[in-house]
Amino acid sequence: MSTPSLLILAGDGIGPEVMTEVRKIIDWFGAKRDLAFDVSEDLVGGAAYDVHGVPLADETMAKAQEVDAVLLGAVGGPKYDDLDFSVKPERGLLRLRKEMDLYSNLRPAQCFDALADFSSLKKDVVAGLDIMIVRELTSGIYFGEPRGISVNASGEREGVNTQRYTESEIARVARSAFELAKRRGNKVCSMEKANVMESGILWREIVQKVHDEEYPDVELSHMYADAGGMQLCRWPKQFDVIVTDNLFGDLLSDVAAMLTGSLGMLPSASLGAPMENGRPKALYEPVHGSAPDIAGQGKANPIACILSFAMALRYSFDQGAEADRLEKAVEKVLADGLRTADLMGPEGGSPVSTSAMGDAIVAALDASL
Ligand code: NAD
Ligand code: IPM
Ligand code: MN
């Protein structure tokens, strides 16, 4: 088999900082596990805008379509706040998701034992938590037309976005959730607002139909997304797989992040249809953003990005055992008490730097041999 290819788009803010640590991990797998990757790097977000005047150059888009997997850091930042909407850093990421047709965004929220005390929720609410949010990623209100800001008939400006879902868009992400559930706790909860939105009515109907026709053995429930947010905080362990739309999934996954202790802990995989080689089109990225408040200070937690690479090992490269090895290394480092600043309680302590956390995870990988 040829060497698998990986395109790294580190992006802005803490993106390059956390990606430096992921490179150490990638190099370790090449040196110690004979798992080499053909790694290339390119620009996305504000970094791409600074050079090309657009947040994603066409050549970079073409490369992303070619490689076995893309690994992205984060995009955005105050420097770019006043740019025209069409060239904002976030548009680069949205273009990647849309043109690669990455419709299924897997956002696992796992609470490591060592952090159970640290969550803002009570320990027994989060200890042992392991849920998977499947967020639809290429449709809904993020992409629906009509959209824009225009002057209406009474001369007033109005902002418009449109929530729009087709039956096939709902069915394919539902399948992805049911497939995952079969390999986990066999339970799916679908979240929408069928009480107030027609798109929610269709969502509920199609998820139920896919269930009844193709996955009758998986337990399915439906919940309004607002109640879902409340239940995620009340008793998150009632869930196994949650499937929801693009916007609700964005919100609910940030909520889920706090169950694990920090936004700096949450990885994600965005998957599309299989390519010719059988691998899904794929982009891996942490759930967090560019964290302008801590960028450039060596404070960022690299674990979300490192765990995103573990997801790449599992979902793109068929290396489940090596993904487990990496996740265990992260677990060990946390159990040993290492914490970046985001994992410190209000009473403080002595946090380690981004690079010290990366080095410790490499050392734990070494110890795993
Ligand atoms: P953010 O996720 O960047 O930061 C929210 C808070 O979490 C901040 O206090 C930050 O310091 C902290 N945080 C986030 N990641 C962390 C990490 N790895 N280690 C330690 N602390 C961490 O969200 P925001 O402040 O709302 O957005 C900032 C910029 O990032 C915006 O331009 C936004 O559009 C962009 N953004 C990008 C992505 C992405 O690239 N996928 C995701 C979310 C936000
Ligand atoms: C995320 C981010 C993105 C989103 C932005 C940066 C486009 O918040 O990946 O969660 O809204 O999807
Ligand atoms: Mn988000």
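This is a predicted model: local features need pLDDT of at least 70, side-chain atom pairs count only at pLDDT 80 or more; totals for chains, interfaces and linings use all residues.
View 1. Residues are numbered from 1 along each chain as its sequence is written, and chains are lettered from A and ligands numbered from 1 in the order in which they are written. Which residues surround ligand 2? They are G76, E90, L93, L94, D250, V287 and G289; a residue is near a molecule or strand if its C-beta atom, placed from the backbone, lies within 6 Å of it. Helix α4 (residues 89-99) gives the most to this shell, with three residues. Helices (H or I, at least four residues) and strands (E, at least two) are DSSP runs, numbered from the N terminus.

**View 2. Ligand 1 has 22 residues around it.** Those that come nearest are G76, G264, H288, G289 and N301. By class, the shell holds eleven nonpolar, seven polar and four charged residues.

**View 3. Ten strands form an open sheet with mixed pairing.** Follow the strands in the order β2-β1-β3-β12-β11-β4-β5-β10-β8-β9; two strands pair if DSSP finds at least two bridges between them. At the edges stand β2 (38-42) and β9 (219-224), each with a single partner strand, so one side of each is left without a neighbour in the sheet. On average, neighbouring strands are turned by 20° against each other, direction ignored. Look also at strand β4 (residues 104-110) and strand β11 (residues 269-274), which run antiparallel and are joined by three bridges. N105 has S270 in β11 as its bridge partner.

**View 4. Helix α3 (residues 58-66) lies across β1 (5-11), β2 and β3 (69-74).** The helix runs at about 155° to β2. Helix α9 (residues 246-260) also packs on the sheet, where it touches β4, β5 (130-136), β8 (187-192) and β10 (241-244). The direction of α9 makes about 160° with that of β5. Axes are lines fitted to C-alpha atoms, for helices over the stretch in contact, and angles run from 0 to 180 degrees between N-to-C directions. Two residues are in contact if their C-beta atoms, placed from the backbone, lie within 7 Å.

**View 5. Helix α10 (residues 303-315) packs with helix α11 (residues 320-335) at an angle of about 160°, their axes 7 Å apart.** That makes α10 roughly antiparallel to α11; angles under 35 degrees count as roughly parallel, over 145 as roughly antiparallel, 65 to 115 as roughly perpendicular and the rest as oblique. On the α10 side, the contact is made by I303, I306, L307, A310, L313 and R314. From α11 come G320, E322, A323, L326, E327 and V330. By class, this contact has eight nonpolar, one polar and three charged residues.

**View 6. Helix α6 (residues 167-182) and helix α7 (residues 198-214) pack at about 50°, with axes 9 Å apart.** That makes α6 oblique to α7. In α6, E167, I170, A171, A174, R175 and F178 meet L202, W203, I206, V207, V210 and H211 of α7.

**View 7. A cis peptide bond joins E145 and P146.** Its omega is about 0°, and P146 is found in strand β6 (residues 144-151).

Terms used
Ala, Val, Leu, Ile, Met, Phe, Trp, Tyr, Cys and Pro count as nonpolar, Asp, Glu, Lys and Arg as charged, and the others, Gly among them, as polar.
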